[in-house]
Structure formats: structure tokens, C-alpha cells
Amino acid sequence: MSESNDNLDELEPEVLTLPLDAWHRQRGGRMVEFAGYWMPVQYEGIIAEHLWTRENAGLFDVSHMGQLYISGEGVEAALEAVLPIDLATLKLGSVRYSLLLDENGGVLDDLMVTRWGTGFYLVVNGATKWDDIAHLREQLPDEVTINHLDDTALLALQGPQAFAALEPLVTGETPLFALTFMKGAAFKLGGVDAWISRSGYTGEDGFEISIPAENAAQIAELICGQPQVKPIALGARDSLRLEAGLPLYGHDMDTEIDPVSADLTFGINKRRRTEGGFIGAEHVFKVLAVGPAQKRVGLTLDGRQAAREGALVFSGDKQVGRVTSGGFSPSLERPIAMAYVDADLAAPGTALEIDVRGKRLTAAVTPMPFVPHRYFRGA
């Protein structure tokens, strides 16, 4: 009989390492715990890394994300019963943004779906991937197989010089220049099999690269050997996606927020908004019909002080919302934020105030993205 340990519940879960852990440390990455993994938050500094990516190309390690391959008899209809996506119009190699919703229309996760071979390749958020897998296993029929590609790494090469840096390194039946935004194909990268899509989460042109985990350090070193590329860490990834007006799960959306309020209705494809048939559809349709009580908006702040997540938003003496993401924009050299505010105050130009440690900061509703997207959609 083993001895009981009254402190077992107090033990912190083990922080896991990713395939590039040693590579990050060798390059001076300052490591922090994120989504259950040790990950670099910065190398030379967040602002320098942010601006380098906007002007050149940055390589991000996003191997904490969940990569899934879902296949089997009736997989298309089965996935449509779970996701509000129109898979019939999704062509081979095409990527589409979608959402995993609960019965009340709350967002369990946001994800990317690619038609890949005879099934579908999904990339889900790292912090939610185990819950996502459990949810999908519960909802999908036995004929459908969920393969967690846990022996793969995922890299993101982002920035205006991303194509110039990557193109000399790849070969494949599809030329890299033929990939436009949200398209993918199979390539050889440094002699290694890679699935590459023209996508990312910075607002810049760029690529996401799925490779065997055992080759991750080799490929990262190869890409960073290009003069246009430096390794970029979590801190700059967050400031880049904020400037691009891109929401982060667990901050700007969660199960308390529906996709209409989050301004993510584009993740529910047109046919599905008419036909329904997905989890949470009834609630989503109600919000679409009457409009949301609050909306996700962008805010620009006067002065230099930033408002962080959780700061309360006011119109006069009335609290009308809450900041969900905020920080200083290196590109604009001013503080910006995302917030949920009462729908009647969501129009661009609306003057508001944000309470930061007892001080009211003047802010204005601003269209997003704060910095224009530069996705490559073709010549």
C-alpha cells in the first residue's frame, strides 16, 4: 500500500519542452512558461524583434500548437456538424479560419482547417489542444479518426522578406510563388518533407511550416542562416498580432464570448449561417438576429501609458467595457488595445476612457487592423 501525499494537489504540472528548446537557449532566448511549455519570450528585445519582423523576416517557433489530421468515412459531414465551416467549398490545399463552439455559442477555440489528402489538417491553440482533442473525440463518430501529429514541429516565417528568404531553400511540384494567402502545398525544405502554407498571425506576408520534430533544429538553423531572418520570440509575436487586430484565445475570446460579439462572423461560412447544423448554431443565430450587447473594438490611447488586459473602459461615469489585450505599438509608437464595449459605443471615433491604476486615460475607438495587413493574394 502506497503512502498518501496530502500535497499532491498542490504540485504544479510539469512544464514541457519543445523540439527547439536547446536551440532557443543556445541563441540566448529568455525562457518562460507558456501554454504548459518552456518558450522564449525574447532574444535581443521585444521592440527590436518586432520592428525586424515588420521590415525583414522573423522565424517563430509555434510548435506548442496542436496539429491534427482528421480522416475517415464521412469526415466532411462529421466535421461540419462540429465546426461552422463550409467544407464543400474548401479546395485541396486551401486553408480556412474556423471556430470550435460550445452548445451556448461560446468560443472553445479558434483554429485553421486545411483540406489535406483525403482528410483535414487542423491547427489548434496550444493551451487548449488537449481539451479540443477530447471535445472532437466526443463529438465525432467512431468512423472518423483523429491523429494528433505530436511528432511534428511548427515554424512560422513572417515578414516582407519571408518569400525571398524561403524560396531558395525549397523544392516541390508547386513553386513557392504560386502559394497565395491561405494556400498550402508539400515541399522539400533542406531535404526534409515539409507542409508549407502561406499564412501566419502577424498581419505580414509569411509561411507556416510543418516538419518532423527531429529535423526542427536543422531547419530552424537553415532558415536563420538567411540574411533576412532572425529568430523572434513570444513577446514580439503578441505585439505584432495586436497591431494586426488579431484576437488571442483566452484573452479576446473564450466560452463567455460568442463569435458575433468577437467580430469573427467570417469564421462561420455563408452557407452555415443559413443552414445551421453546427454546435451552438441556435444561440449564434439569435445574436445575429438581434445584434450583440457588446462588440470587440480597437482603441488608440493618448499619451504613452498602455492599458493592459482587465482594465475597465468608461463612458463618463458608466463602465461600458473591459480591455482584453493591450500594449505599446512599436510600429505606431503609441499605446493600443482591444476591448469589448457596449454595442452603441462601438463606432469608430467614439471617445472613451480607460481606468489604469486609478488614472483615467483618454481613448478612441479605432478601426482594426491598427497596422495594415500585407498578405500576399497574388500579383
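**Pockets and cavities in the predicted model**

By class, the lining of the largest cavity comprises six nonpolar, four polar and one charged residues. This cavity belongs to a predicted model, in which a search of the whole structure finds two cavities of 30 Å³ or more.

**Largest cavity**

- The largest cavity holds about 110 Å³ of space.
- Its lining is made up of Val95, Met112, Thr114, Tyr121, Val123, Leu154, Trp195, Ser197, Ser199, Glu208 and Ser210.
- Two or more of these lining residues come from each of strand 6, strand 7, strand 12 (192-197) and strand 13 (206-212).

**Second largest cavity**

- The volume of the second largest cavity is about 50 Å³.
- Met39, Pro40, Phe60, Asp61, Val62, Ile232, Ala233, Leu234 and Arg237 form its lining.
- At least two lining residues are supplied by each of strand 2 (37-42), strand 3 (57-61) and helix 7.
- The lining of the second largest cavity contains seven nonpolar and two charged residues, with no polar residues.

**Largest pocket**

- Strand 1 (30-34), helix 2 (46-55), strand 6 (107-116), strand 7 (119-124), helix 7 (234-243) and strand 17 (318-329) each contribute at least two residues to the lining of the largest pocket.
- Helix 7 provides the largest share of this lining, with seven residues.
- Sorted by class, the lining of the largest pocket has 23 nonpolar, 12 polar and eight charged residues.

**Second largest pocket**

- The lining of the second largest pocket consists of 29 residues, and those nearest its centre are Gly245, Leu246, Asp263, Phe266 and Arg296.
- Strand 15 (294-301) and strand 20 (359-366) are the elements that give two or more residues to this lining.
- The largest share, four residues, is that of strand 15.
- The lining of the second largest pocket divides into 19 nonpolar, seven polar and three charged residues.

- Helix 7 supplies residues to the lining of the largest pocket and to that of the second largest cavity.
- Strand 6 and strand 7 contribute to the lining of the largest pocket and also to the lining of the largest cavity.

Conventions
Residues numbered from 1 in each chain as written. Predicted model: local features only at pLDDT ≥ 70, side-chain atom pairs only at ≥ 80, totals over all residues. Heavy atoms only, no water. Nonpolar A, V, L, I, M, F, W, Y, C, P; charged D, E, K, R; others polar. 1 Å grid on protein atoms, 1.4 Å probe; cavity = no way out; pocket = protein on both sides within 12 Å on 5 of 7 lines; lining within 4 Å. Points joined across faces, edges and corners; volume = space filled by probe spheres on them.
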